[in-house]
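Please consult the sequence and the model shown here alongside the text.

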Amino acid sequence: RARALRDVSYKVTFPWGGTGNFTKKAGELDYYGADDRGVWKFETDVESVNIEWTGNAWTGLPVVPKLVAVVDPVLDRMPLLRTEKKAHEEIKRLSEDLKKTEQQISAISTDADDARKAFLEKDAARKVAEEEARRKKSEADAADEVVKQIDSRRKAYEAKQRDIQAALIKARDVLKDETAKATAERAESGISLNFLANNFVPELKSQFPGVDVENKTFSELATMFWDSGGQGFTHKTDFLGHATLVDPSDCEAGVSLATAIWAKDAKHVGKANLFVSWTWKYKIGPFIEALLEYARRTGLAPDSLFLWVCFFTNNQRTWLGQHQDGVGVFAANVRGAQRVVCVLDKYEDSLYFQRLWTLYEMFVACIILNLEVDLAIMEEGRVQLAEAKMREIKQCLASIDITRARATFPSDEAAIWRQINDVYGGADLMTSKIKELLLKLLNQLLLET
């Protein structure tokens, strides 16, 4: 047996290795089995003691100072009298009753204090609420007056809003009409030959330093300006500001090169008076030189010629990005210019004769619309023509076959062929007319030179 000398919590480690935690009041006994031989360890948070049961006797049987008295169960040296035990239990019960009574008194006192405090707080809150109610009523009266004033102003603003909406609708109608006019004007605008001859190449060299721009084709230049691949159209450079200027027709950034040129210097753009039939496969330098030679030969001043050139006049953001119907608007564009110049690189193996668009433009302008059509030939072509004989020219023109000509976009090619077959009598008639016209124009050039 082990008797607690005072209230204590302790841990016992049994001989077989198990442990137990115990809490005892002063005087309480605990019992341990004497069949378990070995070392028993008693521990508190401050002390510990080891004793051993050999099977016959305990060894190392001390009394843990102030904590636990370990009693030899055989000798029973510390017997507890029944009266002593009863007295201990009565003292314990009375102590617990006293403690509970004290706790109840404390709780009742706390409740009374809390109730008194709550009453005072509620009374103070009541007084504050009454004052707040008087203040809010005053504010409500003032707010009611403000609401009346606001309602009056609201009605005035609603009347003004109706007037503004009516004016806005009218302004939008005007803007729509003006935008349509401006769009039509931009579609008919041309860039001056003077700009092409004196400003275009220097601007390109400034934009692309170190690049031999004169020997770049317009197709190559397009890939330097724009990307119209699988991810949609994007501007790769802001040449002359054309990528950042906003097109009023759709309020999107990106305008035609002609519009950008006009925004920079309006004198270089005007209503087109010469439609240029050509191909983007031409190099920039020879193309400009051919147009200047055409102006010299015809006696026209470069600053008086405003050229409708698709590369410049069309907004490539919408033409390349959305691929608009060029066939549908071609007749209006060429008719607006009233005069057409067909730019040839050369007459033999000419790129011009390999492109469906150029042959279609020449045919419609001259044969269908009965417009004035002339030729502008690059220097290589003029040298070739000067050395040629009429028989050689005829043989070369005889090889023109419109059925082998191609367009960049399959949709353009299909649309042009629908026009040729359904409207203009078929490929044979068109080829024949083109050959007659070219022979006439080339013969005229030979006579002039």
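H242 is buried, as its relative accessible area is 1%; buried denotes under 20% relative accessible area, exposed over 50%, and partly exposed the range in between, with a 1.4 Å probe and protein chains only. The model is predicted, so local features need pLDDT of at least 70 and side-chain atom pairs count only at pLDDT 80 or more, whereas totals for chains, interfaces and linings use all residues. Residues are numbered from 1 along each chain as its sequence is written, and side-chain values use heavy atoms, with hydrogens and water left out.

- H242 is found in the loop that links β11 (234-235) to β12 (246-247); helices (H or I, at least four residues) and strands (E, at least two) are DSSP runs, numbered from the N terminus.
- Leaving aside neighbours within four places in sequence, H242 is in contact (heavy atoms within 4.5 Å) with W226, H235, T237, G254, V255, S256, L257 and A260.
- S192 belongs to strand β9 (residues 189-192), and its relative accessibility of 2% makes S192 count as buried.
- Residues up to four places away in sequence not being counted, S192 touches H268, P302, L305 and F306.

**Chain as a whole**

- The chain contains 13 helices and 18 strands.
- Of its 449 residues, 36% count as buried.
- Among contacts in the chain with a separation of 6 or more, 68% are between residues 24 or more positions apart.

**Nonpolar cores**

- The largest nonpolar core has 95 residues, and F200, F287 and F311 have the most contacts inside it; such a core is a set of buried Ala, Val, Leu, Ile, Met, Phe, Trp, Tyr and Cys residues joined through side-chain atoms within 4.5 Å.
- Helix α9 (residues 356-368) gives the most to this core, with nine residues.
- F287 touches L196, F218, V276, W278, Y282, V343 and M378, not counting residues up to four places away in sequence.
- A second, separate core has eleven residues, including V8, F42, V49 and W58.

**The open five-stranded sheet**

- Five strands form an open sheet in the order β3-β2-β5-β6-β7, with antiparallel pairing; two strands pair if DSSP finds at least two bridges between them.
- β3 (19-24) and β7 (58-59) are the edge strands, each pairing on one side only.
- Strands β2 (residues 8-13) and β5 (residues 38-43) run antiparallel and are joined by three bridges.
- T13 stands opposite K41 in β5.

- Strand β18 (residues 372-377) has five of its six residues buried, so it is largely enclosed by the rest of the structure.
- Strand β17 (residues 339-344) runs parallel to β18, and six bridges join the two.
- C342 stands opposite L375 in β18.
- The chain passes from β17 through α9 to β18 in a right-handed β-α-β crossover; right-handed means that, with the strands pointing away from the viewer, the path from the first strand over the helix to the second runs clockwise.
- In the loop between β17 and α9, D349 has a phi near 55°, a positive value in a residue other than glycine, and D349 counts as exposed at 59% relative accessibility.
- In the loop between α9 and β18, N370 has a positive phi of about 60° although it is not a glycine, and N370 is exposed with a relative accessible area of 68%.

- G381, Q384 and L385 are the buried residues of α10.
- These residues cover an arc of only 95° around the axis and therefore lie on the same side of α10; the arc is that of the directions from the helix axis to the C-beta atoms.
- E379 and A386 are exposed on the other side of α10.
- The cover over the buried residues of α10 includes β18, α11 and α13.
- In helix α11 (residues 390-398), I393, C396 and L397 are buried.
- Their arc around the axis is only 95°, which puts them on the same side of α11.
- The buried residues of α11 are covered by elements including α10 (379-386) and α13 (427-448).
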